[in-house]
Amino acid sequence: MTGPGFRSALLAALLFSACGGEPSVNADMPLAVPAMPPSLVLPPVETSLSQVEGSANLQGSGSALVGAFRLQDSVGTIEIGGRPLPAVVVAESFFTTEAILLHQIYALSDDAFFMVWTYCSGGAIDTAYLLDSRDGIGRFDSANGTCNDVRRTSATTVRFPGADLPWPRVHTGFEVKGKSVQLHAAAPGAVLYSGAVQAAIPYAVIDCTQCDARGGWYELHSILWDPGSGGVTLGIFYLESRNHSRVLLEYVINLGSLKQVNSATYAAEWSFTGTAPVALAGPPF
């Protein structure tokens, strides 16, 4: 999630590093939106982060909605709206022009999930960016803390409770039309990912069109729901201003393992419908 949130841009190199090409699909079969259950059900998770995976120690506090946070070996808690929540670092990216390392944190409550990006430079955190699944609005928060990447000395167990959450509202203002991905301005869409047609629910929009000199991009932060397994992943669809015929899916997080999984590139036409997105906010990272 540079942008997975940026006050500035993710590296163009990161943007173009999507793993693999467009998944195969039968062109004669429509990409129908799977029927979704009444709510987003997340089963309890117990998973292990291995020694070969990188980890981070983050400690500090935001000044407004983000409160105290403490994560050791990428696992710990973060306060959001005054509530301490289980949290885990699920990804990181490096913004070279400002020497900022962004740690992407996933946190869960009984009524929402959250993504928080902390801005780390020279071992210090001075900013956090929060996305809330309940309203899809991104918010910057000044912060004061410390950060460092560390080598994990042993496997770390991560436990998250189950949750039964309302589906986030879809109101992006964007249409994406392709053989393997179809996203809509105000309703769930569908995407062929990991061999299955999954429901795609964009819940937040990040406007990063000023993040580089070539026109930047938009980000559709989305939930993917697999009707076969009931599995849930979070990912970001990137719509590049200079290329309206390609869509990238990056920073894909499997909520069953709390780990990053494969990115994807899709041939698809995208357009802005003229309906202003509810959450057209400045970049998280």
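Let's start at S39, which sits in the loop between helix 1 (12–15) and strand 1 (40–42). Helices (H or I, at least four residues) and strands (E, at least two) are DSSP runs, numbered from the N terminus.

A word on the source. This is a predicted model, where local features need pLDDT of at least 70, side-chain atom pairs count only at pLDDT 80 or more, and totals for chains, interfaces and linings use all residues. Residues are numbered from 1 along each chain as its sequence is written, and side-chain values use heavy atoms, with hydrogens and water left out.

Back to S39. Its relative accessible area is 17%. That makes S39 buried, because buried means under 20% relative accessible area, exposed over 50%, partly exposed in between (1.4 Å probe, protein chains only). Leaving aside neighbours within four places in sequence, S39 is in contact with D164, L165 and W167. Contact means heavy atoms within 4.5 Å.

Now the rings. Rings of Phe, Tyr and Trp (its six-membered ring) pair if their centres lie within 6.5 Å; planes under 30 degrees apart count as stacked, over 60 as edge-to-face and the rest as tilted. The count is 12 aromatic pairs. One of them is W117 with Y129, tilted, at 6.1 Å centre to centre and 55° between the planes. W117 is in strand 8 (residues 113–121) and Y129 in strand 9 (residues 124–132), so this pair ties together parts 12 residues apart in sequence. Both W117 and Y129 are buried.

Next, W167 and W225. Their ring centres are 6.5 Å apart and their planes at 85°, so the pair is edge-to-face. Both are buried.

Last, one aromatic cluster: Y106, F113, F160 and Y203.
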